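Q: I have a protein model open and I am new to this. Can we go through how to read it?

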Amino acid sequence: MKFLLVDDSRTMRNIWKKVVSSIAGTEVFEAGDGLEGLKQITENGPFDVMLVDWNMPNMDGLTMVTKVRETDKKSIIIMCTTEAEKPRIIEAIKAGVNNYVVKPFTPDTLLTKIDDTLKKAGVGQPA
Ligand SMILES: [Mg+2]
């Protein structure tokens with residue numbers, strides 16, 4: 001499975017990367033903001049799963065998701081939010097995210113979230 005991790009924090013991306021890489025057979029790509037994320041999709045996409053941070057410079061996660069969904073209804077998108085952004089999660093669902101995870105989270109929470117989201121989308125769980 002191909003993953004795209006979009007977050008302006010390198011530390012955060014490294015944490016995600018470590019977690020996601022523990023799923024067998026994954027290929028992981030990264031981007032530091034929404035614009036880079038869209039560029040990665042053009043160059044290396046499509047991705048099976050995208051983890052997208054909400055708050056980023058240049059282009060935020062919500063804008064990126066809206067743009068992605070103009071053409072791609074299929075990729076699984078999980079939005080990463082802070083407690084403060086949580087009240088806006090309905091907006092993100094409307095924009096087309098499949099699920100969300102609230103920071104800070106444990107590796108187990110993220111893995112469970114990915115697994116649940118894939119199952120719900122009928123993709124089947126990662127090997
Ligand atoms: Mg951020």
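Q: What should I know before starting?
A: This is a predicted model: local features need pLDDT of at least 70, side-chain atom pairs count only at pLDDT 80 or more, and totals for chains, interfaces and linings use all residues. Residues are numbered from 1 along each chain as its sequence is written.

Q: How many helices and strands are there in the protein?
A: Helices (H or I, at least four residues) and strands (E, at least two) are DSSP runs, numbered from the N terminus. The protein has 5 helices and 5 strands. Along the sequence they follow the pattern β-α-β-α-β-α-β-α-β-α. The radius of gyration is 13 Å, close to the 14 Å that the globule rule gives for 127 residues, so the protein is as compact as a globular protein of that length. That radius is taken over C-alpha atoms, and the rule is 2.2 Å times the number of residues to the power 0.38. Along its principal axes, the C-alpha trace spans about 35 × 30 × 30 Å.

Q: What share of the residues is buried?
A: Count neighbours. A residue is buried if 20 or more other C-beta atoms lie within 10 Å of its own, exposed if 12 or fewer, and partly exposed in between; C-beta atoms are placed from the backbone. Here, buried residues make up 28% of the 127 residues.

Q: Which residues of H3 are buried?
A: In H3 (61-71), the buried ones are Gly-61, Leu-62, Met-64, Val-65 and Val-68. Seen down the axis of H3, they fall within an arc of 155 degrees, so they line one face of the helix. The arc is that of the directions from the helix axis to the C-beta atoms. On the other side of H3, Glu-70 and Thr-71 are exposed.

Q: What do the buried residues of H3 pack against?
A: Contact comes first: two residues are in contact if their C-beta atoms, placed from the backbone, lie within 7 Å. The buried residues of H3 pack against strands S1 (2-6), S3 and S4 (76-81), and against helices H2 and H4 (89-95).

Q: How do H2 and H3 pack?
A: Axes are lines fitted to C-alpha atoms, for helices over the stretch in contact, and angles run from 0 to 180 degrees between N-to-C directions. H2 and H3 pack at about 30 degrees, with their axes 9 Å apart. They are therefore roughly parallel to each other, a label for angles under 35 degrees.

Q: Which peptide bonds are cis?
A: Most residues other than glycine have a negative phi, and most peptide bonds are trans. A cis bond joins Gly-45 and Pro-46, with omega about 0 degrees. Pro-46 is in the loop between H2 (34-44) and S3 (49-53). The bond from Lys-103 to Pro-104 is also cis, with omega near -5 degrees. Pro-104 is in the loop between S5 (99-102) and H5 (107-120).

Q: What is the phi of Asn-58?
A: Phi of Asn-58 is near 65 degrees, a positive value in a residue other than glycine. Asn-58 lies in the loop between S3 and H3. Asn-58 is partly exposed, with 13 other C-beta atoms within 10 Å.

Notes:
Parallel < 35°, antiparallel > 145°, perpendicular 65-115°, else oblique.
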